[in-house]
Amino acid sequence: MNQIKIKAIYTGRQLFVLTFLRVLIGWHFLYEGLVKIFTPGWTAKAYLVNSAGPLSGVFKNIAQNENALNIADFLNEWGLVLIGLALFAGILSKAAKICGIALLLLYYLAYPPFAGVGINPHAEGSYWLVNKNLIELGALLVLLYFPSSHMTGIDRLLFNRQAKTTSTKE
């Protein structure tokens, strides 16, 4: 089955809204990562030990293994920072969106808002099936399928450079 590639053409308002959403989510990721890095003694151990979702066994095992916990803490802190910076600046944003979706999915599965799963001490509200992680994940999916960083981010410089290189080689 052949796929037809259509170049996205957005109105100025659509481009602004997509860029604004990308920057907001980038700021949120960046802020959460920096708070973890600059909070003395921060660790995800309590979060992982108390997880109640379908992967709670895996999360609890990570929390009980010091090396695995150190790796999880490092990946969580710096993953948030790097994803946040990439989204904020619009650089390598496709990879950042995919990594952000994966990370949010892990957060969602650690404390899913399912009936009977138990009380989530990390939730800001009691929602059935939907929580802020799922909403932000959905927003990243929108940005993944309606990209704008190649027009309003640093990716624009990378894409223009690649386009010039490709056209000169042909």
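Which residues are buried in α4? In this helix, Leu69, Asp73, Asn76, Glu77, Gly79, Leu80, Val81, Ile83, Gly84, Ala86 and Leu87 are buried. Buried means under 20% relative accessible area, exposed means over 50%, and partly exposed lies in between (1.4 Å probe, protein chains only).

Before going further, a word on what you are looking at. This is a predicted model, in which local features need pLDDT of at least 70 and side-chain atom pairs count only at pLDDT 80 or more, while totals for chains, interfaces and linings use all residues. Residues are numbered from 1 along each chain as its sequence is written, and side-chain values use heavy atoms, with hydrogens and water left out.

## The whole chain

The protein chain has 8 helices and 0 strands, and its pattern along the sequence reads α-α-α-α-α-α-α-α. Helices (H or I, at least four residues) and strands (E, at least two) are DSSP runs, numbered from the N terminus. Of the 170 residues in the protein chain, 32% are buried. Contact means heavy atoms within 4.5 Å. Among contacts between residues at least 6 apart in sequence, 73% join residues at least 24 apart.

## Helix α4 and what covers it

Let us return to α4. This helix has 24 residues and reaches 34 Å from its first C-alpha to its last, close to the 34 Å expected at 1.5 Å a residue. The expected span is 1.5 Å times one less than the number of residues. The buried residues of α4 are covered by elements that include α1, α2 (45-49), α3, α5 and α6.

## How the helices pack

Axes are lines fitted to C-alpha atoms, for helices over the stretch in contact, and angles run from 0 to 180 degrees between N-to-C directions.

| Helix pair | Axes | Angle |
|---|---|---|
| α1 and α4 | 7 Å apart | about 150 degrees |
| α1 and α6 | within 10 Å | roughly 135 degrees |
| α3 and α4 | within 5 Å | roughly 105 degrees |

Angles under 35 degrees count as roughly parallel, over 145 as roughly antiparallel, 65 to 115 as roughly perpendicular and the rest as oblique. α1 and α4 are therefore roughly antiparallel to each other. α1 passes α4 in a left-handed crossing, meaning that the near helix is turned anticlockwise from the far one by less than a right angle (clockwise would be right-handed). Residues making this contact include Trp27, Phe29 and Leu30 of α1 and Trp78, Leu80 and Phe88 of α4. The contact of α1 with α4 divides into 15 nonpolar, 4 polar and 4 charged residues. In this count, Ala, Val, Leu, Ile, Met, Phe, Trp, Tyr, Cys and Pro are nonpolar, Asp, Glu, Lys and Arg are charged, and the others, Gly among them, are polar.

The pair α1 and α6 is oblique, and α1 passes α6 in a left-handed crossing too. Leu18, Leu21, Arg22, Ile25, His28 and Phe29 of α1 make the contact with Glu136, Ala139, Leu140 and Leu143 of α6. These residues divide into 7 nonpolar, 1 polar and 2 charged.

α3 and α4 are roughly perpendicular to each other. Ile62, Ala63 and Gln64 in α3 meet Glu66, Ala68, Leu69 and Ala72 in α4, and the contact divides into 5 nonpolar, 1 polar and 1 charged.

What is the phi of Leu92? Leu92 has a positive phi of about 50 degrees although it is not a glycine. Most residues other than glycine have a negative phi. Leu92 is found in the loop between α4 and α5, and is exposed, with a relative accessible area of 57%.

Next comes α5 (residues 93-110), whose 18 residues should span 26 Å at 1.5 Å a residue; the end C-alpha atoms are 25 Å apart, which agrees. Its buried residues include Ala96, Leu104, Tyr107 and Tyr108.

Is Ala96 buried or exposed? With a relative accessible area of 6%, Ala96 is buried. Leaving aside its neighbours within four places in sequence, Ala96 is in contact with Ile83, Ala86 and Leu87. Ala96 and Leu82 are 14 residues apart in sequence and 7.9 Å apart in space, C-alpha to C-alpha.

Finally, look at Asn133 in helix α6. Asn133 counts as buried because its relative accessibility is 13%. Beyond its neighbours within four places in sequence, Asn133 is in contact with Leu104, Tyr107 and Tyr108.
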